[in-house]
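The sequence and the model come first, then my entries.

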Amino acid sequence: MDKIIKRNEKLAFYKVNDTYKRMRGFTEFSMNKNPKEYQRKYIDEESQRNDIVGYNPSISFSFDRFSEDDVHADMVAIADNEKVGSGAVRSIMIVDTSKTTEGSGCSAQLREFSVIPDSEGNDTDTYTYSGTLKANGELKFGHATSTDDWQTAEFTEA
């Protein structure tokens, strides 16, 4: 029987202080592929043709601010200090723990993203931050391993 993949089986890691640390406390983390299409209609055909010629992925995020979290601190610093350009680009790794690879590893993808803050403080119970991560580099495929129950991870490109 098919097994449904649970949301918590796809983990996100954010590179801070040269370590990929798990992105904890996120209440939203949804990917939009944003495909770029080439559309045309040839005069001798009734239908239009469409091809995907590229992607511009983005991830909508929202998190509850934790006081002792390096990932949150870095993302908040980008927003508070209004960092721009390469100062707001971070490496994000997505690990699919439902897909194991050789040894104790899991399937992983790695890409650079621009951290684009949007709003903060929108909740009356906890202090929240939200925004978008937008692709700023090529997608790399590989596998990830962890020695601390997926609190941190290491990436090896395939």
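Before any volumes, I wrote down the terms. On a 1 Å grid over the protein atoms alone, a pocket is an open set of points with protein on both sides within 12 Å along at least five of seven lines, and a cavity is a set of points where a 1.4 Å probe fits but cannot get out. Lining residues have an atom within 4 Å of a point. Points are joined across faces, edges and corners, and a volume is the space filled by probe spheres set on the points.

I noted that this is a predicted model, where local features need pLDDT of at least 70, side-chain atom pairs count only at pLDDT 80 or more, and totals for chains, interfaces and linings use all residues. Residues are numbered from 1 along each chain as its sequence is written, and side-chain values use heavy atoms, with hydrogens and water left out.

Entry one: the second largest pocket. I found a volume of about 260 Å³ for it. Its lining has 13 residues, and Arg 7, Lys 10, Met 23, Phe 26 and Phe 29 lie nearest the centre. I sorted the lining by class: Ala, Val, Leu, Ile, Met, Phe, Trp, Tyr, Cys and Pro count as nonpolar, Asp, Glu, Lys and Arg as charged, and the others, Gly among them, as polar. The second largest pocket has five nonpolar, three polar and five charged lining residues.

At least two residues each come from β1 (10-16), β3 (26-32), β7 (89-100) and β8 (106-120). The largest share is that of β8, with six residues. I list 13 nonpolar, three polar and six charged residues in this lining.

How many cavities of 30 Å³ or more does the structure hold? I found one. The largest cavity has a volume of about 50 Å³. Its lining includes Phe 61, Met 75, Val 115 and Tyr 129. β6 (58-64), α1 (70-80), β8 and β9 (128-135) each supply at least two residues, and β8 gives the most, with four. The cavity lining divides into seven nonpolar, two polar and one charged.
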